[in-house]
Amino acid sequence: MAKKFLVDKAAIKSRLLGVFLIFIVLICFLFYSLFRIMVLMSPKYKAMAIEQWTSEVKIAAKRGEILDRFGQELAVSGNEYRVDLDLNTIKNYITKKKNITLDELANKLTSALEIPKEDVLKQLNRKFHDGRPMGSAILARRVEKSKADKVSALKVDGVIVSPDTKRYYPNNNLLSQVIGHTNSDGDGLTGVELEYDKYLKGTPGVRIAELDKNSKNLPYTISEYTKPVDGEDVELTIDKNMQYFADKYADEALVNNKAKAVSILITNPKNGEILALANKPDYDLNNPWDKTKTSDELQKQWRDRAVSDTFEPGSIFKVITSVAAMSEGVVHENDKFNCNGSITIANRTIHCWKRTGHGAETFVDILKNSCNVGFATLGERLGGANLNKYISKFGFGTKTGVDLPGEAKGIIKKTDKIGPVEAATIAFGQTDTVSMMQYITAFNAVANGGYLITPHVMKDILHRDSSNKEIVDKTYSDYNKTKIIDENVTKTLRGYLEKVVSEGGGKKAYIAGYHIAGKTGTAQKPNPKGGGYESGKYIASFVGMAPADDPKVTVFVSIDEPDPSNYYAGQISAPVGQKLFNDIFNYLNIKPDASSDDTAKSLLKDVVIPDIRGMKKEDAIKKLKDLNLDYSIEGSGAYITNVSPLPGAVVKEGTKIILYTGDSANYNSNGDIVVPDLTGYSKANAESVLSSLGIKAQFSGSGVVDDQDIKPNSHVHKGTTLNITLEEVED
C-alpha cells in the first residue's frame, strides 16, 4: 500500500506541474495578445475605429494665381465646383428618409450632373481593396455653376458641393513651357506650376462628423469643419510686353527658316531676372494633352528647351575665351595674328570657317571676324588648365540654379583630358556643351561688370488679406552674386563686341544710334550616335547686350536646325536680334544718339534692284512694290527702258528708284549691271538674285557664299559668268 500511495502522489505532482505550465503559457499568450492589440496593432485599429465613427471629406483649396511683373494674369483658377460624397452620411440619410433608395439617388445625381449613371453608382459604392466600404469619394470635378446649383438643390445630406480648382490660362500658348500646367488633381506638373506648387496649391479644408454605431450623426456632437486656405500668388519677373516681342519673332523665325525649333531669352543682366522666354513650337496650356501626339511627343512639347537642352555653342563661346585670355594677360588689343585658313597644332590641322583665311589680324579683328585660327591660338596660349578655370568660374558644367524644373548641367571635358588640340577647339566653341540658361548667365557677367548672378523667374510670392490688400510673403533673394572677373576686362570686351555688331559678323543686328554689343555663332550639331557631326544640321545663335556701356538688357536668339540652304547665324539670327532690340528700345524709351532718320534707315532690309528693263510699266511697278521699293517715273512710255540706280545695286527698302520709260520694249540689252555682294547668301538665294539680273553663276564647294571672282559693285553685262566659292560656315 505504501508503494502505491507514493506512486499516486508522484503522478498528482506531475499533473499539477503540467496544469501549472499550461496556465503560465495561457497567461503569457493572453498578455502577448493584449500587448499586440493595445500596442502593436493600436495604430491600425485606431484608424479603423476612427473611420467607423467619423466621416471625413477633404475640400480643395483655390490654387493661387501666376502673374507677370505688373500683376497681369498668366494663370488663374476658374470659379467652378466639385461634388464630394460623404458615403457614411449618405447611408444614414437614406436609412432615415426611407423614401429614397441608392439607385434613385444615383438617378437624381446623374440628371443634375449629366454624367453616366454607372459612374455615379460606382462612386456611391466605393470600397477598399479588402472589401470594406469607403467613407468618402469624389463624384465630379470642375463642375460648372449651373450643374452645381442643381446638386445643391437636391439637399441630400453627405453630397457636398465646394469650390474647385480648374486652371485657366488667359493667354493660351504664351509662355507655355515656362508657366507649365497642372494634372487632373490640380497639382503642378511642369514649369512654374511644378516649381512653386507648394505655394500655389494652398491647404485643403476638411469636414469631419462623428457617427454612432448605425452611421448616424450623433445629436450631441458638432461636425468639425476646417476652411481651406487658398494658395498664394506667384508674381514672375516676366514682362508680358517683352514676352509678346519674343513670341512674335520666335514664330517668325521658325516659319521663315523652316526650323525645327526657335528659342528667345531676354534678361536683366544686373539682377538675373528673366524678362521673356519663348520656345517655339509651343502648346496650348488650356489643352496640354493633345490626343494626336504620343507620350514622348508630349514630353518634348512641354520641355523648356532653354533650360533642359544642351548644345555645342560655337563662336558665341569666343566671348568666354576672350575673357580668359584678357584676364590671364596672354593677349592684348593689338597683338598680331595671321590666318591663312588653317593652323597646325600637335600635328593636326584645324581649319578656320573661312578656308581662304582672314589674313593679318589684331585681337579685335579675330573677334569681329570670328576667326577660328585666332581663337585656336588663344586656346593654345591658355592651355587646358587655365581654360577650364574660367569655364568653371562662369558656371559651365553645373546647374545655374534657375527656378525652373529640368535644368541640364552640360558636359565639360576634364582638364586632364585636354591636350593642345582640345584646348584649341574648346576655345572656339566645340567639344563642350552648354544650355541657353548657362550661357546667358555667363554672358550677363560680361554685361554687369563681372558678377555671376542666378537667373530666376520668381519675383514675389504674395496673398491678399480679408480686405483685399496685397501682402508680400516672400521676395526672391537667392541671387548668389559672385564676383568672377575684373570690371575693366568686361568694359573693354564690351567695346570689342560692339564692333562685332557695327562692323563684323553681327552687323545685321546693327541699329544706328544704339550701342549693341554681341556675337553670332553657327555650330554644327554633333552626331548623337558618335563620330563627328550631322550633315546639314546647325544651331544658329545670336547673343547681344545693350546699351554696350551699361547694359540694361541681354538677348539670346537660338534657331535649331534651320533650312540647310541658309543657316548662317549672321544672316538669320542677327536680324531677329535687331528686331527684338528695336522693339525693346522703343518700349523702354531708350533714345538713340543718331537722327531718327538714320536709325530708321538702319532697320530697313537690303534689297537688290532687279533688272526690270524691257518690262511693261505696270508689271515693273508691281515688282518694285513687292520688294518694298519706291519709284518715280520719267517719261510717258508704256515700257521701262532704264533704271537708276542700275540693276544689281544694293539699296535699302523704301529707296526711290527712277524709272525711264519708252514706247517700245526694246532697250540696250548690253546695258550695265552692278554685281551685288553675295557674301553669306545660300546657293539658292544667290542663284535667284543672279538669275533675275541675267548673270550666270558657277559654284564650287558647299555651304554659303564666301567669295566671288568679280568684286561687288563692279559693272558687267548680261550673260557674264560669276564664279562663286561656297564654304561650310561654323563661325
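Asp583 lies in helix 20 (residues 574-588), where helices are DSSP runs (H or I) of at least four residues and strands are runs (E) of at least two, numbered from the N terminus. The model is predicted, so local features need pLDDT of at least 70 and side-chain atom pairs count only at pLDDT 80 or more, whereas totals for chains, interfaces and linings use all residues. Residues are numbered from 1 along each chain as its sequence is written, and side-chain values use heavy atoms, with hydrogens and water left out.

With a relative accessible area of 14%, Asp583 is buried (under 20%; exposed is over 50% and partly exposed in between, with a 1.4 Å probe and protein chains only). The side chains of Asp583 and Tyr249 are joined by a polar contact of 2.7 Å (a pair of N or O atoms within 3.5 Å, one able to donate a hydrogen and the other to accept it; residues adjacent in sequence count only if both atoms are side-chain atoms).

Aromatic pairs number 13 in the structure; rings of Phe, Tyr and Trp (its six-membered ring) pair if their centres lie within 6.5 Å, and planes under 30 degrees apart count as stacked, over 60 as edge-to-face and the rest as tilted. Phe363 and Tyr496 form an edge-to-face pair, at 5.6 Å centre to centre and 85° between the planes. This pair links distant parts of the chain, with Phe363 in helix 14 (residues 363-368) and Tyr496 in helix 18 (residues 487-502), 133 residues apart. Phe363 is buried at 1% relative accessibility, and Tyr496 is buried at 8%.
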